[in-house]
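Here is a short briefing on one protein model.

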Amino acid sequence: MQIGTQAPPYLILASGSKYRQKLLQQIGLDPLCISPDIDETPHSGESAGELASRLSIEKAHKIAKSHSNAIIIAGDQVCDAGGVILGKPGNADTAKQQLTYCSGREIVFHTGVCVLNSATKQLQHRTAEVFVHFRNLSSSEIERYIKKEPAFDCAGSFKMEGLGISLFKHIRSDDPNALIGLPLITVCEFLRNEGLSIA
């Protein structure tokens with residue numbers, strides 16, 4: 001079966017993220033993008049990995065309520081800085097605080113991903129981890145980076161696919177695309193399990 005958005009089952013990305021949309025476009029997919037608009041507040045005692053997994057599943061189920069014949073891809077990423085969850089900075093001051101905190105540390109990004117067939121109710125989900133070790137960053141390096149690439153809509157205040165890569169000492173991951181927003185190796189696997197052709 002070929003993937004398409006013109007005939008059921010429709011392919012939907014349960015996200016308003018331009019980064020996730022671009023990742024799927026890189027592998028030839030053109031999903032309908034719908035933001036699920038859910039409450040992303042962590043539950044008491046919930047770990048970063050558990051939060052990322054739960055939110056990705058909740059996003060898929062939210063979209064499934066209004067789309068009964070679709071293959072729904074959903075993801076969520078939580079940045080764990082030694083037990084401190086770092087969200088999207090939103091502005092330069094917060095970005096500077098986040099990058100200063102990350103300097104010299106290893107930060108873990110948990111990216112939950114799921115594929116839900118809303119017709120059959122089959123749900124596949126997994127959480128990918130990316131370990132990012134930041135270099136020791138000077139204040140001037142941080143300020144220059146923020147001016148050149150203000151990643152205010154990215155958890156951790158950087159873009160790995162851009163200049164942000166210069167901030168790192170090393171990265172460990174089974175799928176580096178997870179750091180951008182979706183582990184594509186896993187997405188392709190899940191879609192193949194649904195009988196959808198990628199390549």
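Is Phe 134 buried or exposed? Phe 134 is buried, at 1% relative accessibility; buried means under 20% relative accessible area, exposed over 50% and partly exposed in between, with a 1.4 Å probe and protein chains only.

The model is predicted: local features need pLDDT of at least 70, side-chain atom pairs count only at pLDDT 80 or more, and totals for chains, interfaces and linings use all residues. Residues are numbered from 1 along each chain as its sequence is written, and side-chain values use heavy atoms, with hydrogens and water left out.

**Aromatic rings**

- The structure has four aromatic pairs. Rings of Phe, Tyr and Trp (its six-membered ring) pair if their centres lie within 6.5 Å; planes under 30 degrees apart count as stacked, over 60 as edge-to-face and the rest as tilted.
- One of them joins Phe 134 and Phe 158 edge-to-face, at 5.6 Å centre to centre and 80 degrees between the planes.
- This pair links distant parts of the chain, 24 residues apart: Phe 134 sits in strand β6 (residues 123-134), Phe 158 in the loop between α4 and β7. Helices (H or I, at least four residues) and strands (E, at least two) are DSSP runs, numbered from the N terminus.
- Phe 158 is buried too, at 5% relative accessibility.
- Phe 158 also pairs edge-to-face with Phe 168, with centres 5.0 Å apart and planes at 85 degrees.
- Phe 168 lies in strand β7, so this pair ties together parts that are ten residues apart in sequence.
- Phe 168 is buried at 9% relative accessible area.
- Phe 109, Phe 134, Phe 158 and Phe 168 form one aromatic cluster.

**Annotated site**

- UniProt, in an unreviewed entry, places the feature "active site" at Asp 76. UniProt positions follow the numbering used here, feature names are shortened, and annotations may be inferred rather than shown by experiment.
- Asp 76 is in strand β3 (residues 70-81) and is buried at 4%.
- Its side chain makes a polar contact with that of Lys 59, at 2.9 Å. A polar contact is a pair of N or O atoms within 3.5 Å; within protein, one must be able to donate a hydrogen and the other to accept it, and residues adjacent in sequence count only if both atoms are side-chain atoms.

**Glu 149**

- Glu 149 is found in the loop between α4 (139-148) and β7 (168-172).
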